[in-house]
Amino acid sequence: TCVADAKGKAVFKSPKGYKAGVYAVVIPGPKFFEVVVNEPVIKLASDTVDLVGNLQVKQSKENQVFLDYIRFLNSKKKESDQVRALMDAQRDPLAKNGMRAQLEEMDKAVKKYQTDVIAANPDLLAAALVRMGMAPELPEIRKPDGSLDSAAQYYQYRAHYWDNFNLKDERIVRVPVFANKFDEYIAKTIPQFPNTINALAEEMIARTDGKNDVFKYMVNAITHKYETSDIMGMDAVFVHMGQTYYCPTDGKPGRVDWMTPDKIDKLCERVKKQAPLVLGKKAP
C-alpha cells in the first residue's frame, strides 16, 4: 500500500524488491489496472477517469509490449462483435459466408500478432503471458468412417494441455492465467477418479524443476483440494500426495521443505492413519 502525493505520484518501493509476475494497482472505487513486474524500475501514468484506457508507459518494455497486445486484442474483439451481430441479423447465406471469412481473417491476424510478439521478445514475461493465452494448435482426429474421434481428441488435448507453459519458470505462479488453467485442469480436464488424478498430477508436477514455486504451488494446491474434499473416496489423493511428497519413505526425507517439522509430522500421522482406510482397501 502507498499514498499518492499532491501531484498524484505514488511509488511502490520494497527494500526486498518484488517477485516477477502480474500485479494489480488498485485505487478507491475500486478501480484497477494490471502491471507486469519483471524490471528494476517501472514508470506508468494514467488518470482516474479511465485507468486502463488512459494508461501510458513511461518506462518499461514489458508493460509496453503487454499494453499494446491488450489494446490490439480489444480492437479485434470490437470488430468481431460487430461482424457477429450483423451475421446474426443476416438471412442471405452468401452474405453470411462472407462474414465468416471476415472472422477467420481476424482470427489469423490475432494469431500472427501473437507469434510475432513471442518471436521478437523471447525473454520477456509479457511474451510468456501472450503464449500462455494461446490454445495449442491440434489437428482433428477422425475415425475410419470419417466421424470425429472424440476420445482421441480428448487424449490429444490433455497431452498437449501445458504445451504453451514453461512449468520450470516460477514467475508464472504470480500470473492469473496459470492459476485459472491449473484449476481447470485439476477439476475439469482430469476425470475425477483418484488413481487417474494421482497419475496425471505426478506427470504434471514432474514437468516442474522439483523445487521451485510452481512445484510448491501444485503440490500444496492438490493436497489441500483433496484433503478438504467432501466427495467420498478423494482422501486417496490426499494419502498419495502425502506419501509421495511430504512424508519420509525408505529412509529418505520428504520433498516438502516449506512447512515446519511439527506440521509435517501431523500431516504424515493423518496419512498413516488414513492409508489403510481408503476405498478399495481390505478392511483392517
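A pocket here is an open set of grid points where a 1.4 Å probe fits, with protein on both sides within 12 Å along at least five of seven lines, and a lining residue has an atom within 4 Å of a point. The model is predicted, and totals for linings use all residues.

The largest pocket has 34 lining residues. Those nearest its centre are Ala-10, Val-11, Phe-12, Val-25 and Ile-42. Its volume is about 1300 Å³. Two or more lining residues come from each of the strands β1 (21-27), β2 (31-37) and β3 (43-45), and β1 has the largest share, with 5 residues. By class, this lining holds 22 nonpolar, 5 polar and 7 charged residues.

The second largest pocket has a volume of about 230 Å³. Which elements each supply at least two residues of its lining? They are α1, α3 and α5, and α1 gives the most, with 4 residues. The lining includes Phe-66, Tyr-69, Ile-70 and Leu-73, together with Leu-129, Val-130 and Val-177. Ten is the nonpolar count in the class division, which reads 10 nonpolar, 1 polar and 1 charged. Glu-34 is among the lining residues.

Helix α1 can be checked by its length. Its 29 residues should span 42 Å at 1.5 Å a residue, and because its end C-alpha atoms are 43 Å apart, the two values agree. The buried residues of α1 include Phe-66 and Tyr-69, as well as Val-65, Phe-72, Lys-76, Ser-80, Val-83 and Met-87. An α-helix has 3.6 residues a turn, so residues three or four places apart point the same way. The buried residues of α1 pack against β2, β3, β4 (56-59), α2 (93-120) and α3.

The largest nonpolar core has 52 residues, and those touching the most other members are Trp-162, Leu-167, Phe-178, Met-204 and Ile-222. Elements giving two or more residues to this core are α1 (61-89), α3 (125-132), α5 (176-189), α6 (194-205), α7 (213-227), α8 (235-246) and α9 (261-274). The largest share, 7 residues, comes from α8.

What does Met-204 touch, not counting residues up to four places away in sequence? Its contacts are Trp-162, Leu-167, Phe-182, Tyr-185, Ile-186, Met-218 and Ile-222. A second, separate core has 7 residues, among them Phe-33, Leu-51, Leu-55 and Val-57.

Terms used. Residues are numbered from 1 along each chain as its sequence is written. This is a predicted model: local features need pLDDT of at least 70, side-chain atom pairs count only at pLDDT 80 or more; totals for chains, interfaces and linings use all residues. Side-chain values use heavy atoms; hydrogens and water are left out. A nonpolar core is a set of buried Ala, Val, Leu, Ile, Met, Phe, Trp, Tyr and Cys residues joined through side-chain atoms within 4.5 Å. Buried means under 20% relative accessible area, exposed over 50%, partly exposed in between (1.4 Å probe, protein chains only). Contact means heavy atoms within 4.5 Å. On a 1 Å grid over the protein atoms alone, a cavity is a set of points where a 1.4 Å probe fits but cannot get out, and a pocket is an open set with protein on both sides within 12 Å along at least five of seven lines; lining residues have an atom within 4 Å of a point. Grid points are joined across faces, edges and corners, and a volume is the space filled by probe spheres set on the points. Ala, Val, Leu, Ile, Met, Phe, Trp, Tyr, Cys and Pro count as nonpolar, Asp, Glu, Lys and Arg as charged, and the others, Gly among them, as polar. The expected span of a helix is 1.5 Å times one less than its number of residues.
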